[in-house]
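Visitor: I have a model open and want to learn to read it. Where do we begin?

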Amino acid sequence: MTIDEHGLRRRLEETAAKASAPRFTTEDVVRQVRRRRTRFIAMAVGAVVAAGAVAVAVPVALSGKSQPMVSHAPPVPPELTYAVTVNGRTEMFPAGSSTAPRFAVTPGENLTIVVDAYVPADTTMSAVWLGITDGVLSPRPDGPANMNPILAARSGAPLGPGVHRFTLRWAVPASLRPGTSRQLAAEWAWSRSSPSRSPGESEAFIAELGIQAAPGA
Amino acid sequence: MENWKRTLEELTASRRVALKRHAFLLCGDDSRSEDLVQEALVRAFARPLRAPAPGAAEAYVRAIMVNLFIDADRRRSRWVRLAPLLRTPPVTADPADQVVARDAVLMAMRGLSPRQRACVVLRYYQDLPVAEIAAVLGVADGTVKRYLSEAMHEMAARLSAADHGSAEGAGR
């Protein structure tokens, strides 16, 4: 059994027209919206206040004894600028940049890497480690956990503001497959160098070493 | 004047009859459709950061109406299933209900599920394409087509029976 769509449209129009005229007015609806909005805002404010109260109450309750509320911001790492030279080609890696320069290397290649690190004014580093990582950064106070091999380490004398040069040598493992990459990473540790900077350590990739197939391979 | 208030006033002043008719076809009940339109308007404009833009307000309110109708019907049927002993027949009939009782289209639509009914109204009264109906109901295009097909089959049978009945009654 089928139904004529055109006829159905017409009949729906006729039926809809049998609805009585709306009894509500614009003012009624505006009044209801205002009331609902007020309730909604009150609920939202209440939720924010409740969340804030929980955020304060839970740490206090868990701390066991009453302590003054002091916020400890995570240590802010000093921003260093690097010039990285790999087999004679130099790339800058300015402070604040998010993408490390990329160098193409081949399996088995012997690299000479020169890193010039610019330590900013008012900053003193207590230790530095430079080495190769496989995409994982894991800074620790006593040195990096996932840096292998560590190509340079200095922790004896503090490194003050200015340029510090490190010359590294690394033979790219012959077993690395083209298309993969390794990173040259730098980890720094610093003691309190200014009232606003607490001691800490941070690690960063300062160059991407992309493995390419050796010519003629 | 606040933007939402201007949009709401313009919409209500110019389109409230059309919105009421849309709700009437969905519910098949004059007083329920009155409540449905008001509730949809209030919900559309109640959230301070989500009030609709003037050009999209009517479509937004219609979509809310459809979903409110489907949800309300689901809640009511659950209640009716759980508490049959509490149901009491209406004592006084609403005069508007007499209109409903006489209308063959509304009678035929009563046999449809809420989603089928919404599909019929949106497709053949609002002239929305299947994809837009699917977006309003939050279902796939194919599901809308199935609802429409089932609904048309059901309505054809009911309307045909009603039309034959009224023709025989007129012939007597």
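Guide: Begin with what counts as a contact. Two residues are in contact if their C-beta atoms, placed from the backbone, lie within 7 Å. Keep in mind that this is a predicted model.

Visitor: With that cut-off, how many residues of chain B are in contact with chain A?

Guide: On the chain B side, 36 residues are in contact with 27 residues of chain A.

Visitor: Which elements of chain B give two or more residues to that side?

Guide: They are H1, helix H2 (30-46), helix H4 (95-102), helix H5 (104-110), H6 and helix H8 (141-171) of chain B. H1(B) gives the largest share, 11 residues.

Visitor: How do the residues on that side of chain B divide by class?

Guide: There are 22 nonpolar, five polar and nine charged residues on the side of chain B that touches chain A.

Visitor: Why is H1(B) called oblique to H6(B)?

Guide: The angle of about 140° makes H1(B) oblique to H6(B), because only angles over 145 degrees count as roughly antiparallel. The crossing of H1(B) past H6(B) is right-handed.

Visitor: Which residues make the contact between H1(B) and H6(B)?

Guide: From H1(B) come His22(B), Leu25(B) and Leu26(B). From H6(B) come Arg117(B), Ala118(B), Val121(B) and Tyr125(B). By class, this contact has five nonpolar residues, one polar and one charged.

Visitor: And sheets? What holds the strands together?

Guide: Strands of a sheet pair through backbone hydrogen bonds, in a parallel or antiparallel sense. In chain A, four strands form an open sheet, in the order S2-S1-S4-S7, with antiparallel pairing.

Visitor: Which strands of chain A stand at the edges?

Guide: Strand S2 (89-93) and strand S7 (162-171) of chain A do. Each has a single partner strand, so one side of each lacks a neighbour in the sheet. On average, neighbouring strands of this sheet are turned by 15° against each other, direction ignored.

Visitor: How many bridges join S1 to S4 in chain A?

Guide: Six bridges join strand S1 (residues 81-86) to strand S4 (residues 110-119) of chain A. To trace the pairing, find Tyr82(A) opposite Ala117(A). Then find Thr81(A), whose bridge partner in S4(A) is Tyr118(A).

Visitor: What about S4(A) and S7(A)?

Guide: S4(A) and S7(A) pair antiparallel over 10 bridges. Here Val114(A) stands opposite Thr167(A) in S7(A).

Terms used. Residues are numbered from 1 along each chain as its sequence is written. Chains are lettered from A and ligands numbered from 1 in the order in which they are written. This is a predicted model: local features need pLDDT of at least 70, side-chain atom pairs count only at pLDDT 80 or more; totals for chains, interfaces and linings use all residues. Axes are lines fitted to C-alpha atoms, for helices over the stretch in contact, and angles run from 0 to 180 degrees between N-to-C directions. Angles under 35 degrees count as roughly parallel, over 145 as roughly antiparallel, 65 to 115 as roughly perpendicular and the rest as oblique. A crossing is left-handed if the near helix is turned anticlockwise from the far one by less than a right angle, and right-handed if clockwise. Ala, Val, Leu, Ile, Met, Phe, Trp, Tyr, Cys and Pro count as nonpolar, Asp, Glu, Lys and Arg as charged, and the others, Gly among them, as polar. Two strands pair if DSSP finds at least two bridges between them.
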